[in-house]
Amino acid sequence: VSTARQLQGKTLSYNNVNDTDAAFECVAEFDPRRTAAVAIIKHANPCGVAEGASLREAYEKALRCDPVSAFGGIVATNRKLDAEAAREIVKIFTEVIIAPEADEEAVKIVAAKKNLRLLVTGGLPDPRAGGLAVRTVAGGLLFQGRDNAVVDDMELKVVTRRAPTAGELADLKFAFRVCKHVKSNAIVYVKNGATVGVGAGQMSRVDSSRIAAWKAAEAAKAAGLPRSEEHT
């Protein structure tokens, strides 16, 4: 985060900083020149990511994925935070909002919330940037090259009997961008430019799949939407 300024609230904790970084890195996968995007992070994993015509629309779509987990989470935007989006975000308890910029009205809306912090960075991380990822281990450090793969740079090959439609391919690429930021085993279900189920951090990818399917069913039920099939 470059030239970040903190507005209103207590000092950021270790987990706040870690989750805020995860949210900002995730939302930076979406080019702000093409679409507005919002990522909601809880315990270093996305609980909702979406793109839309506006930040408010993207936030509402992201929140529908898992509104329970979003409570007390971190919200990142890939465009200047405006008042319309800020009013929606502050409706539930949120720890941090991070954005490249924020207009004056949005700052006032956030500042009125006692325990909500706004970080304004002046830009977005470059998902293609190189560098090292470093972790501490007993007696030393473990490092590897940063994951800077971007699906738009890849030559994709269809291996299924039926090729995906243009809309399905767009959702597959969306899922790839999000899955990059979900802790293994990572399962991401996407529809119409928004996550609808995320399963993360399980010892078995089967369990991650079941969790993502269950969350998708719960989100559909909460939104009054029909389920495509029963999951067991």
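Mentor: Let's start with a term: a nonpolar core is a set of buried Ala, Val, Leu, Ile, Met, Phe, Trp, Tyr and Cys residues joined through side-chain atoms within 4.5 Å. Keep in mind that the model here is predicted.

Trainee: Okay, which residues of the largest nonpolar core touch the most other members?

Mentor: The core has 28 residues, and the ones touching the most other members are Val 38, Ile 40, Tyr 59, Val 75, Leu 81, Ile 97 and Leu 118. At least two residues each come from β2, β3, α2 (55-65), α4 (83-89), β5, α5 (104-111) and β6. Helix α2 is the top contributor to this core, giving 5 residues. There is also a second, separate core of 25 residues, with Leu 12, Cys 26, Val 49 and Leu 119 among them.

Trainee: What is the general background to that?

Mentor: In soluble globular proteins, nonpolar side chains tend to end up buried together.

Trainee: Why is Tyr 59 called buried?

Mentor: Buried means under 20% relative accessible area. Tyr 59 has 2%, so it counts as buried. Tyr 59 sits in helix α2, and beyond four places in sequence it touches Val 38, Ile 40, Val 75, Glu 88, Ile 89 and Ile 92. Asn 15 is another matter: 44 residues apart along the chain, the C-alpha atoms of Tyr 59 and Asn 15 are separated by 22 Å.

Trainee: And Phe 174, how do you know that it is buried?

Mentor: Its relative accessible area is 1%, and the cut-off is under 20%, so Phe 174 is buried. You'll find Phe 174 in helix α6 (residues 166-179). Leaving out residues up to four places away in sequence, Phe 174 touches Phe 30, Val 49, Ala 50, Glu 51, Val 190, Gly 193, Ala 194 and Thr 195. From the C-alpha of Phe 174 to that of Ile 97 the separation is 22 Å, with the two 77 residues apart along the chain.

Trainee: How do you know that the span of α1 is close to what is expected?

Mentor: Take 1.5 Å times one less than the number of residues. With 14 residues, the expected figure for α1 is 20 Å, and from first C-alpha to last the helix reaches 20 Å.

Trainee: What does α1 give to the lining of the largest pocket?

Mentor: It gives 6 residues, the most of any element. The pocket has a volume of about 1000 Å³. There are 22 lining residues, and the closest to the centre are Asn 18, Asp 21, Ala 133, Arg 135 and Lys 183. The elements supplying two or more lining residues are α1 (14-27), β7 (132-137) and β8 (140-145). By type, the lining divides into 10 nonpolar, 4 polar and 8 charged residues.

Trainee: Now the backbone. What makes the phi of Ala 44 worth a remark?

Mentor: Most residues other than glycine have a negative phi. Ala 44 is not a glycine, yet its phi is positive, about 70°. Ala 44 lies in the loop between β2 and β3, and at 11% relative accessible area it is buried.

Trainee: And Asn 192, buried or exposed?

Mentor: Exposed means over 50%, and Asn 192 has 56%, so it counts as exposed. Asn 192 also has a positive phi, near 55°, and lies in the loop between β9 and β10 (195-199).

Trainee: Where is there a cis peptide bond?

Mentor: From Ser 184 to Asn 185, with omega near -10°. Asn 185 is in the loop between α6 and β9 (187-190). Most peptide bonds are trans.

Methods: Residues are numbered from 1 along each chain as its sequence is written. This is a predicted model: local features need pLDDT of at least 70, side-chain atom pairs count only at pLDDT 80 or more; totals for chains, interfaces and linings use all residues. Side-chain values use heavy atoms; hydrogens and water are left out. On a 1 Å grid over the protein atoms alone, a cavity is a set of points where a 1.4 Å probe fits but cannot get out, and a pocket is an open set with protein on both sides within 12 Å along at least five of seven lines; lining residues have an atom within 4 Å of a point. Grid points are joined across faces, edges and corners, and a volume is the space filled by probe spheres set on the points. Helices (H or I, at least four residues) and strands (E, at least two) are DSSP runs, numbered from the N terminus. Ala, Val, Leu, Ile, Met, Phe, Trp, Tyr, Cys and Pro count as nonpolar, Asp, Glu, Lys and Arg as charged, and the others, Gly among them, as polar. Buried means under 20% relative accessible area, exposed over 50%, partly exposed in between (1.4 Å probe, protein chains only). Contact means heavy atoms within 4.5 Å.
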